[in-house]
Structures are given as C-alpha cells and as structure tokens.
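Me: Please go through the labels used for this model and say what each one rests on.

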Amino acid sequence: MAVLGVDGWRLGWVGALLAGREVRLLLLPDVAAVLAVPDVEVIAIDMPIGLSDDGVRACDVAARKLLAGAASSVFPTPVRGVLATDDYAEARAISRAATDPPRAPSAQAFQLVRSIRALDDALGTPPTDRVAEVHPELAFRCGLGGVTDRKGTARGTVQRLRALRAVMDVEEALDRAPAGTPMVDALDACAAAWSARRLADGTAECVGDGTTDSLGRPMRICW
C-alpha cells in the first residue's frame with residue numbers, strides 16, 4: 001500500500017506518492033484532491049492539524065528545540081478561534097483575547113490560516129489516524145540526517161537530495177514531475193512521504209504532550 005506526503009505551496013499542494021522506493025510527484029489543487037488520492041494508507045501533511053483553543057502547542061515548542069539553527073521553520077500555530085476570520089487585525093484581536101499571556105500570529109503565520117481552515121474543514125469528525133501532521137525539517141535533520149543547511153540554498157538542496165536518495169528514487173521522481181513543480185516543495189513532500197511510511201510502519205517519532213484539541217485531534221508533530 002502506498003503512502004502520501006503533502007506540502008503546501010501557493011497554488012495548492014505538492015504530493016509525493018511513495019510505494020517501496022518508487023515515488024511519484026503530484027500537483028493537487030485543494031485538500032479534497034489530497035484526501036481523494038486512491039489506495040493510500042497514510043497521508044502525512046506539513047500543516048497543523050490539532051489546534052489549541054488558548055495557547056501555544058507543546059509540540060511546536062518541542063520541535064523548535066530539536067531544530068537547533070532551524071527553529072524559525074516551525075511557525076507558531078494559531079489558536080482555533082483565528083480560523084473564523086480572513087482579516088488579520090481581527091485575527092490578532094481574537095488571538096490576544098484567547099491567550100494568556102496575550103499573543104498574536106505573525107503576518108507570515110497568518111498566511112497559513114486559509115490552508116489550515118481548509119484542512120480542518122475537510123477532516124471533519126471524528127478524527128482519523130490516516131491523516132497526520134509532520135514537519136519536513138524534522139524528517140531531514142532528525143530522521144534522515146545529513147542536512148544542516150537551509151532549504152533553497154545550493155548546499156541545502158544537495159544535502160536533501162542525498163538524504164532522500166538513500167530511501168527512495170527521488171531523482172527519477174523529479175525527472176517526471178509535473179511542469180512547474182517547485183523544487184523546495186517537491187523535496188519537502190518527499191520528506192513527508194518518508195514520514196508517512198514510518199507512521200504506517202509504526203516506527204515514527206513524534207513530539208507533543210499527548211493532548212488532543214477540542215475536536216479530539218492530537219496536537220503532535222511526527223517524522
């Protein structure tokens with residue numbers, strides 16, 4: 001059975017469908033298309049799933065500690081109430097009212113809200129273990145290893161390709177990628193697919209304090 005790793009980009013989602021060593025890159029327009037990919041055992045997605053109502057998620061804090069030198073790649077996850085608005089000023093007010101001490105999402109973090117909302121709505125209830133939150137930098141730096149430089153740089157790209165080459169046929173996938181597939185997001189999707197395989201096999205590592213959100217979804221990040 002195949003697994004799917006997913007990374008968001010400005011035009012939708014990049015998927016990496018992994019079966020054995022073979023991986024195929026997909027461009028998926030929306031969350032519905034992501035969830036509709038057939039014959040997939042686990043979907044691992046680089047997007048928050050379990051959302052706090054009133055504070056910082058323990059998994060975000062733990063992930064930043066693990067990613068020494070790359071902690072900024074873990075954006076602070078907005079509280080659930082922020083999903084109710086597309087207005088940044090209103091989102092900041094909602095967040096400050098819900099958190100103690102008061103905090104507000106950065107402009108960069110707020111840009112993720114529509115994608116988080118779309119995923120949240122599509123997942124529905126009850127929660128499913130088939131879809132899990134992952135973070136590619138945890139996969140690259142704490143799992144696959146050998147990655148120390150930022151993504152998008154020449155050294156960082158070579159390091160990520162080398163790490164992925166050990167576990168999948170990544171270069172063949174890149175050769176056959178749909179036109180316009182961004183390199184950075186393709187590599188992140190492949191790292192998410194590696195994490196999805198570990199989740200399916202029961203060998204994944206996760207950070208978090210074991211809590212779930214108000215919809216019963218785990219607040220954790222795996223790789």
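This is a predicted model: local features need pLDDT of at least 70, side-chain atom pairs count only at pLDDT 80 or more; totals for chains, interfaces and linings use all residues.

Me: Why is the pair Arg-197 and Glu-41 called a salt bridge?

Reply: The term requires a side-chain nitrogen of Lys or Arg within 4 Å of a carboxyl oxygen of Asp or Glu. The closest N and O atoms of Arg-197 and Glu-41 are 3.9 Å apart, so the pair meets the cut-off. The structure holds 16 salt bridges.

Me: What makes Asp-188 buried or exposed?

Reply: Buried means under 20% relative accessible area, exposed over 50%, and partly exposed in between (1.4 Å probe, protein chains only). Asp-188 has 1% relative accessibility and therefore counts as buried. Its salt-bridge partner is Lys-151, with the closest N and O atoms 2.8 Å apart. The two are 37 residues apart, Asp-188 in helix H9 and Lys-151 in the loop between H6 and H7. Lys-151, at 38%, counts as partly exposed.

Me: Which labels do Arg-114 and Asp-86 get?

Reply: Arg-114, with a relative accessible area of 58%, is exposed, whereas Asp-86, at 44%, is partly exposed. Their side chains meet in a salt bridge (3.5 Å, N to O).

Me: How do you know that the span of helix H7 is close to the expected one?

Reply: The expected span is 1.5 Å times one less than the number of residues. H7 (residues 154–165) has 12 residues and reaches 16 Å from its first C-alpha to its last, close to the expected 16 Å. Among its buried residues are Gly-156, Arg-160 and Leu-164. The buried residues of H7 pack against helix H6 (136–144), helix H8 (170–175) and helix H9 (183–201), where contact means heavy atoms within 4.5 Å.

Me: Why is one space called a cavity and another a pocket?

Reply: On a 1 Å grid over the protein atoms alone, a cavity is a set of points where a 1.4 Å probe fits but cannot get out, while a pocket is an open set with protein on both sides within 12 Å along at least five of seven lines; lining residues have an atom within 4 Å of a point. Grid points are joined across faces, edges and corners, and a volume is the space filled by probe spheres set on the points. The largest cavity has a volume of about 80 Å³, and the largest pocket about 670 Å³.

Me: What makes the lining of the second largest pocket count as one nonpolar, three polar and five charged residues?

Reply: Ala, Val, Leu, Ile, Met, Phe, Trp, Tyr, Cys and Pro count as nonpolar, Asp, Glu, Lys and Arg as charged, and the others, Gly among them, as polar. The lining consists of Gly-69, Ala-70, Ser-72, Ser-73, Glu-137, Arg-141, Arg-150, Lys-151 and Arg-160. By class, this gives one nonpolar, three polar and five charged residues.

Note on methods
Residues are numbered from 1 along each chain as its sequence is written. Side-chain values use heavy atoms; hydrogens and water are left out. Helices (H or I, at least four residues) and strands (E, at least two) are DSSP runs, numbered from the N terminus.
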